[in-house]
Amino acid sequence: MARIIDEVSRTFSEYLLIPRLTSREHQPKNVSLKTPVSRFRRGEKPKFSINIPFVTSSMQSVSGSEMAIALARIGGLAFTFCSQTIEQQVAMVAKVKMHKAGFVQSDSNLRPDNTLADALALRKKSGHSTMPVTEDGSGNGTFVGILTDKDFWEFEDNLSGLVRDYMTPLASVVYGTSGITLHDANMLLRKHKKECLPILDNKCNLQSLVFKKDYFDHMNNPYELLDAQKRLAVGAGVNTHDYEARVPALIKAGADVLCFDSSDGYTEFQKDAILWCRKKYGDSVIVGGGNVVDGDAFRYLAEEGQADFVKVGIGGGSICITREQKGIGRGQASALMAVVAERDKYYNETGIYIPVCSDGGLSNDTQIIIALAMGADFVMMGRYFAMTYESPTPKVSIGGRMYKPYWGEGSNRARNWQRYNQGAESTENQLKFEEGVDAYVPIVGSVKDVTSVTLTKLRSTMCNMGSLNLKEFTDNAVLTRISEQSFVEGGTSTVTTLDKERPRDV
């Protein structure tokens, strides 16, 4: 007969934290939110960590290039979605890597015999006002000068004039040489009061560009997540169908972390796919697996699959209806606590720590905080990020308010047929049933503004719990279950708030 788990399947909204002693050192400015993403042994440091415990869901309506750039700049990681062609996903990853690399590969170049009209067309296409001039017009050709929007007047100068007659020639350009450090390059910009510094090799071939604005951008985003080459970090979702072609292409493009995207990761398909990555790349590639909802599934991916991290959650997302359609899943709090318990047991047995990601079931900032207190190393969110300016969907006006479309990867709109195995009869380019819905979410602001509020709450709560990092937060956490009445008591049920219509005088 079926095995019944007597414990009720619980959600994050059923718990509150009991404060611990706050000492003088427990101030938000002293709190670190850095957290591991890759497995590591006791006494060693993880190969890859993120600076805030937030990552995006690998979804069409959430994780485009703009989202990845915005989140990496504040310390998080976005997973570009795999329900697109390999070429399209590779282009997304490449765009993030090109955004700000310290040493930027030039993609807006001119030849000396180009016209000013050509320069204007290139500027409108690329959005770049600084354009290196090389003999062949390539990004690594022989450098002969540089043209900026300060060198000519669009509505006054003859646009048929040649670039060579308006550019600043090499003899008058301040430049750096190959091998220069980023710090020294920035100091050259400062010394000579320049906006852009070309980097040339010993044959005068253009290698890269360093911009003043990137220096200030970095100083204004001290937690930005960078790779070893000072490029923004980016993740990529992959599937168990075309991974042998997709994974190598994504790694070549510069993806820092891979994650298998599946509603149920407790499968031999996922184990085989992760092991293929291990056999081909060893430990140099960071690969996550999931999703799971109990200790057995965690142990399977950790031991048999050698996953770097494991995602927890089935059916808890705001647009996911897997529980309703198939009857599988678990309350997110119960699932997370079961997996965290198995993670800690596995760590005590082997000395290997496998980070856990809580995916779904987070409807507000408080629940994000509770998930991290319960032991999640980081959280993956879809709706939270879908509501920001940087999500890839267009703005839509409904009833005078601005919204963005938001749909699940298991919906017909996603056309993500390979993600869900519904039997041989479902392979005719259609889903027989949906596991996600098509909806709209209100626009609430930029990624930076929205996360700033959540992170401020998180740091403040951690201080209340006598914690300066996320491990201390989990170790110190004392949680209490709440009743329906205590939930009501914690709200504003007995007063009339100002955002509600005030009663009129009779």
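Reader: Which residue lies over the face of Phe211?
Author: This is a predicted model, where local features need pLDDT of at least 70, side-chain atom pairs count only at pLDDT 80 or more, and totals for chains, interfaces and linings use all residues. Residues are numbered from 1 along each chain as its sequence is written, and side-chain values use heavy atoms, without hydrogens and water. A charge sits over a ring if NZ of Lys or CZ of Arg is within 6 Å of the ring centre and within 35 degrees of the ring normal. At 5.2 Å from the ring centre of Phe211, the residue is Lys213.

Reader: How many aromatic pairs are there?
Author: Rings of Phe, Tyr and Trp (its six-membered ring) pair if their centres lie within 6.5 Å. Planes under 30 degrees apart count as stacked, over 60 as edge-to-face and the rest as tilted. By this rule the count is eleven.

Reader: What is the angle between the planes of Phe79 and Phe309?
Author: Phe79 is buried (under 20% relative accessible area; exposed is over 50%, partly exposed in between, with a 1.4 Å probe and protein chains only), at 1%. Phe309 is buried too, at 0%. Their pair is tilted, with 6.4 Å centre to centre and an angle of 45 degrees.

Reader: Is Tyr347 buried or partly exposed?
Author: Tyr347 forms an edge-to-face pair with Tyr353, 5.7 Å centre to centre and 85 degrees between the planes. Tyr353 is buried at 14%. Tyr347 has 22% relative accessibility, so it counts as partly exposed.
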